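Here is a short briefing on one chain. Look over the sequence and the model first, then read on.

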Amino acid sequence: MKDWPYDVFATGWYQIGYSAELAPGDVRPVKFFDQDLVLFRSEGGEVSLLDAYCPHLGAHLGHGGQVKGDCIECPFHGWLWNTDGSLEEIPYAPNATRKVSLDRWHTAEVQGLLLAWYDGHGRAPFWEYPGVPEYGDQENFYPIYPYGADHVGVRKIITQMPIENTPDYFHFPLVHGTGQPGRPRLWEEKGEYLHTRMGYWFGYGKTATWLTPDGPVDGETETEAWGLGLSLARFHIGDFITAQMTATTPVDKEHSQIFCTMAVSREPGSSMDDPPTGRAEQMLRFQDAQIRRDFAIWENQKYIEHPPYAGGEEIYYSAFRRWSKQFYFDKPYRDGKRLEGDQRKAEDWTVPVYDHNPV
């Protein structure tokens, strides 16, 4: 992004795929954080994300490498590498030992999402992603895979831009056709966790819509974020709920791999095996289209570090940008001491609920 102030990727958890798409024995060449990597699942079911190039003679393990038991085999000379990156065996020299290994990235599988931890200084994760209740509740919500798994692909968007939508209450009428801006109700920061609530009328100004067949509903959009890579918007429209995760994972300094994952309330009377129908099916398609309207803005956006705010924007935009700074570790040391887990958090800011509503 033009005029982006940071030279580093933000620390945190990021989505790298869906569990259902990586079966035992599968191997994938991937690129994240400007590094070539190999993603595979061992025959025993363990997921591993390693640096891609074999330390022997530099072959890319993701192009022609094969899973052999709990190892990945180099396609060039057959060296076997364990899921933890250690050298298991040199098949043509079984008695040889070499002090070489591949860097392994911390990964997690939570409710069908494949996640990787990034920290520019190589530190182990110092928070965990807890998951989303709707993603684990298939009795009341359609499963996220395959119905709510949207592979957006690689876009010229940096990680922070989707989640920077959180304090933007005034773009909804023009970009999403809501008829009125949002009304802030809650702003809560707890370290790496950000929780907000925003009210607005769904179906505003209309007698009935497919989403609000009984007329306008005074609903709410609740957001949750765990760092900058995983951002959830939960739409409450009466008892109809949609939980949409936008996951933005850097590929390089300008591009990100984007996944959008949704769980939608089941239609009354649907069984566990039924696909989404009615309002649920329409909501999935609708939100896929809505998020792409934002993408069109973000892909062509310039970062304004000190915007000329209006209408009270400064309260929540300023709070968000203060909160976001904690994830950019430009230097591994501060005052001569290495940043450890309990030192990583920015101060908590108390932000008042701003009740200005121009509508």
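Which residue in β15 is the bridge partner of histidine 195? The partner is glutamate 224. The model is predicted. The points below cover its open sheet, the helices packed on that sheet, the nonpolar cores, the salt bridges and the aromatic pairs.

**Sheet**

- Seven strands make up an open sheet, ordered β12-β18-β17-β16-β15-β14-β13, and they pair in the antiparallel sense.
- The edges are β12 (149-155) and β13 (183-190); each has a single partner strand, so one side of each lacks a neighbour in the sheet.
- On average, neighbouring strands are turned by 15 degrees against each other, direction ignored.
- Ten bridges join β14 (residues 193-202) to β15 (residues 217-226), in antiparallel pairing.

**Helices on the sheet**

- Helix α3 (residues 278-298) packs on the sheet and touches β12, β16 (230-237), β17 (240-250) and β18 (256-264).
- The direction of α3 makes about 155 degrees with that of β18.
- Helix α4 (residues 313-324) lies across β13, β14 and β15. Its direction runs at about 20 degrees to β13.

**Nonpolar cores**

- The largest nonpolar core holds 80 residues, and Tyr129 and Trp226 have the most contacts inside it.
- Beyond its neighbours within four places in sequence, tyrosine 129 contacts Trp13, Val110, Gln111, Leu113, Leu115, Trp226, Leu230 and Met245.
- A second, separate core has 15 residues, among them Val38, Leu61, Leu87 and Leu102.
- In soluble globular proteins, nonpolar side chains tend to be buried together.

**Salt bridges**

- The structure holds 19 salt bridges.
- Arginine 185 pairs with glutamate 220, with the closest N and O atoms 3.0 Å apart. That bridge links strand β13 to strand β15, across 35 residues of chain.
- Glutamate 220 also forms a salt bridge with arginine 197, again at 3.0 Å from N to O. Glutamate 220 lies in β15 and arginine 197 in β14, so the pair ties together parts 23 residues apart in sequence.
- Is glutamate 220 buried or exposed? Its relative accessible area is 11%, so glutamate 220 is buried; the cut-off is under 20%.
- Arginine 185 counts as partly exposed at 30% relative accessibility. Arginine 197 also counts as partly exposed, at 30%.
- Glutamate 224, the bridge partner of histidine 195, forms a salt bridge with arginine 234, the closest N and O atoms being 3.0 Å apart. Arginine 234 sits in β16 and glutamate 224 in β15, ten residues apart. Both residues of this pair are buried.
- Shared partners join Arg183, Arg185, Arg197, Asp218 and Glu220 into one salt-bridge network.

**Aromatic pairs**

- There are 30 aromatic pairs in the structure.
- Tryptophan 4 and tyrosine 328 have ring centres 6.1 Å apart and planes at 70 degrees, so they pair edge-to-face. Tryptophan 4 is in the segment before β1 (12-18), and tyrosine 328 is in the loop between α4 and β19 (333-334), 324 residues apart. Both are buried.
- Tryptophan 13 and tryptophan 117 are also edge-to-face, because their planes stand at 65 degrees with ring centres 5.6 Å apart. Tryptophan 13 belongs to β1 and tryptophan 117 to β11 (residues 113-118), so parts 104 residues apart in sequence are tied together. Both tryptophan 13 and tryptophan 117 are buried.
- One aromatic cluster is formed by Trp13, Trp117, Phe126, Trp127, Phe320, Trp323, Phe327 and Phe329.

Notes
Residues are numbered from 1 along each chain as its sequence is written. Side-chain values use heavy atoms; hydrogens and water are left out. Two strands pair if DSSP finds at least two bridges between them. Helices (H or I, at least four residues) and strands (E, at least two) are DSSP runs, numbered from the N terminus. Axes are lines fitted to C-alpha atoms, for helices over the stretch in contact, and angles run from 0 to 180 degrees between N-to-C directions. Contact means heavy atoms within 4.5 Å. A nonpolar core is a set of buried Ala, Val, Leu, Ile, Met, Phe, Trp, Tyr and Cys residues joined through side-chain atoms within 4.5 Å. Buried means under 20% relative accessible area, exposed over 50%, partly exposed in between (1.4 Å probe, protein chains only). A salt bridge is a side-chain nitrogen of Lys or Arg within 4 Å of a carboxyl oxygen of Asp or Glu. Rings of Phe, Tyr and Trp (its six-membered ring) pair if their centres lie within 6.5 Å; planes under 30 degrees apart count as stacked, over 60 as edge-to-face and the rest as tilted.
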